[in-house]
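Please keep the sequence and the coordinates in view while reading.

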Amino acid sequence: MTILIEQPALELQVEGNNVHAEETNELVLEGGFPLPKDGYMAPEINSFGHSFREYDAESERQKGVEEFYRLQHINQTYDFVKRMREEYGKLDKAEMGIWECCELLNELVDESDPDLDEPQIQHLLQSAETIRKDYPNEDWLHLTALIHDLGKILALPSFGELPQWAVVGDTFPLGCAFDESNVHHKYFKDNPDYKCPAYSTKNGIYTEGCGLDNIVMSWGHDDYMYMVAKANGTTLPFAGLFIFRYHFFYPLHKEGAYTHFMNEEDVENLKWLKIFNKSKVLVDVEKVKPYYVSLIEKYFPAKVRW
């Protein structure tokens with residue numbers, strides 16, 4: 001593996017002042033794929049088998065979650081995302097294969113996951129093996145499930161060690177009004193974009209039905225994996241890229257917000273998000289590795305630029 005890293009400069013907007021980003025180690029969130037209210041019944045558990053989050057519950061954990069979202073909502077601006085997409089769109093941070101990246105992700109401690117005693121590759125394989133069992137003929141979906149979280153390598157030192165508010169958490173569009181369905185919506189009032197007239201309307205700088213692919217989303221592991229896969233010429237169907245980019249887009253999945261931006265292709269691809277679940281059964285990595293390596297060889301080049 002070849003790694004070349006120059007950490008991008010980050011600035012935090014906290015209480016109206018700019019301060020240089022520091023390691024936050026804030027609590028991160030569980031991910032999943034519930035669906036919007038119109039057309040589908042949202043499941044009671046998310047892709048990791050846990051109940052949907054109770055954001056108003058009084059606990060130390062929830063206080064940590066709220067502080068995470070305070071930082072995220074203040075600092076995720078349209079300009080910030082543009083800078084991150086330009087920086088990470090260079091794909092000059094590393095060159096390695098997909099399976100190698102799966103193993104590298106084991107270095108990450110994901111504070112959102114209660115099973116911290118298990119390596120990250122177990123979580124990837126548990127999602128993939130469950131999908132494989134339920135949809136045996138959709139091999140592209142097996143691989144998508146395996147690698148949909150690989151973008152979390154953004155939190156590792158060799159990839160810039162971005163603060164967690166720039167890696168994980170629910171995602172939302174920038175360049176338009178912040179929908180009230182976004183969790184802890186109140187903190188958006190301190191986001192510089194909140195007072196920008198061009199971004200203050202429902203459509204903002206976009207047009208109705210323009211398609212989610214044309215929307216600037218908050219920056220994190222989702223958008224990064226989407227960019228990596230697309231730029232490296234993956235032959236996965238676009239539904240796989242759709243899953244990469246929107247699996248933390250809870251305002252859409254759970255609340256049915258922002259659907260006015262969707263086009264027909266988005267509506268069609270959204271159905272795949274509802275099928276993600278994860279078994280708690282430990283997977284024999286070496287036993288299933290040859291199968292997933294064969295899928296990687298089918299859908300990705302041997303070396304991927306990150």
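In this predicted model, the largest nonpolar core has 89 residues, and those with the most contacts inside it are Leu146, Ile147, Leu150, Ile153, Trp219, Phe300 and Trp306.

Turning to annotated positions, an unreviewed UniProt entry carries the annotation "binding site" for His123, His148, Asp149, His221 and His247. Among them, His123 is found in helix α4 and counts as buried, because its relative accessibility is 4%, under the 20% cut-off. His247, by contrast in its setting, sits in the loop between α7 (238-246) and α8; His247 is likewise buried, with a relative accessible area of 1%, and its side chain reaches the backbone oxygen of Ile243 at 2.9 Å.

Helix α8 (residues 250-253) includes His253, which is buried at 0% relative accessibility, and the side chain of His253 reaches the backbone oxygen of Tyr246 at 2.6 Å.

Helix α4 (residues 120-134) also holds Glu129, which is partly exposed because its relative accessible area is 23%, a value between the 20% and 50% limits. Although Glu129 and Ser279 are 150 residues apart along the chain, their C-alpha atoms are separated by 8.0 Å. Apart from neighbours within four places in sequence, Glu129 is in contact with Val283, Val288 and Tyr292.

Definitions and conventions. Residues numbered from 1 in each chain as written. Predicted model: local features only at pLDDT ≥ 70, side-chain atom pairs only at ≥ 80, totals over all residues. Heavy atoms only, no water. Helix = DSSP H or I, 4+ residues; strand = E, 2+ residues; numbered from the N terminus. Buried < 20%, exposed > 50% of the residue type's maximum accessible area, 1.4 Å probe, protein only. Contact = heavy atoms within 4.5 Å. Polar contact = N/O pair within 3.5 Å; in protein donor to acceptor, adjacent residues only side chain to side chain. Core = buried A, V, L, I, M, F, W, Y, C linked by side-chain atoms within 4.5 Å. UniProt positions renumbered as here; feature names shortened; annotations may be inferred.
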